[in-house]
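Welcome to a short tour of a protein fold. Have the sequence and the 3D view ready, and turn the view as you read.

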Amino acid sequence: GHRDAVPTDAEFVQVSILDELDQHLQGIDAVMHFSTRSAELYRALAIAAGLEAQALKPIQLAISARAGAALQGAERMALAPTPDFEGLLDAVKGLSA
């Protein structure tokens, strides 16, 4: 993700996914995927690190059904109703409804 896309009241965590993913996944509630490519890369890197199960535990927020398909097996997923940033925010809001 991008630092400027994170709300001011949320903590932005920047990590090297292969080196520190397991440690940081413990405190992550959700992962936002802004493209199919980012979802595929997230999963591929998690598999390469031997952390696929841990990577799919947080809620996966996907910008589209195609991006969500790359995350099959996720414990919990929410799809954006529209394929844009506002749609992802709506998906987040829907989690608390």
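Which strands are among what covers the buried residues of helix 5? Keep that in mind while we meet the parts; remember too that this is a predicted model.

**The overall plan**

The protein has five helices and three strands. Starting at the N terminus, these elements follow the order α-β-α-α-β-α-β-α. There are 97 residues, and 29% of them are buried. If you take the contacts with a separation of 6 or more, 50% come from residues 24 or more positions apart.

The three strands make an open sheet in the order 1-2-3, with parallel pairing. Strand 1 and strand 3 are at the edges and have a single partner strand each, so one side of each has no neighbour in the sheet. From one strand to the next, the twist averages 15°. As a piece of background, strands of a sheet pair through backbone hydrogen bonds, in a parallel or an antiparallel way.

Here are the two pairings side by side:

| Strand pair | Sense | Bridges |
|---|---|---|
| strand 1 (residues 30-33) and strand 2 | parallel | four bridges |
| strand 2 and strand 3 (residues 77-79) | parallel | three bridges |

Leu61 is a handy landmark here. It stands opposite Met32, and it also stands opposite Ala78 in strand 3.

**Strand 2, covered on both faces**

In a regular strand, side chains alternate between the two faces of the sheet. Now look at strand 2, residues 59-62: Ile59 and Leu61 are on one side, Gln60 and Ala62 are on the other, and all of them are buried. Both faces of this strand are therefore covered.

How buried is Gln60 in terms of relative accessible area? The value is 0%, and because buried means under 20%, Gln60 counts as buried. Its side chain reaches the backbone oxygen of Pro58 at 2.9 Å. Setting aside neighbours within four places in sequence, Gln60 is in contact with several residues, including Val31, His33, Tyr42, Leu71 and Ala78.

**Helix 5 and the sheet**

Back to the opening question. Strand 1, strand 2 and strand 3 are among what covers the buried residues of helix 5. Which residues of helix 5 (residues 85-95) are buried? They are Gly87, Leu88 and Ala91. These residues cover an arc of only 100° around the axis, which means that they sit on the same side of helix 5. The helix lies across strand 1, strand 2 and strand 3, and runs at about 145° to strand 2.

**The nonpolar core**

Finally, find the largest nonpolar core, which has 18 residues. Ala39, Tyr42, Leu61, Ala67, Leu71 and Leu88 touch the most other members. Helix 2 (36-48), strand 2 and helix 5 each contribute at least two residues to this core.

How values were computed. Residues are numbered from 1 along each chain as its sequence is written. This is a predicted model: local features need pLDDT of at least 70, side-chain atom pairs count only at pLDDT 80 or more; totals for chains, interfaces and linings use all residues. Side-chain values use heavy atoms; hydrogens and water are left out. Buried means under 20% relative accessible area, exposed over 50%, partly exposed in between (1.4 Å probe, protein chains only). Two strands pair if DSSP finds at least two bridges between them. The arc is that of the directions from the helix axis to the C-beta atoms. Contact means heavy atoms within 4.5 Å. Axes are lines fitted to C-alpha atoms, for helices over the stretch in contact, and angles run from 0 to 180 degrees between N-to-C directions. A polar contact is a pair of N or O atoms within 3.5 Å; within protein, one must be able to donate a hydrogen and the other to accept it, and residues adjacent in sequence count only if both atoms are side-chain atoms. A nonpolar core is a set of buried Ala, Val, Leu, Ile, Met, Phe, Trp, Tyr and Cys residues joined through side-chain atoms within 4.5 Å.
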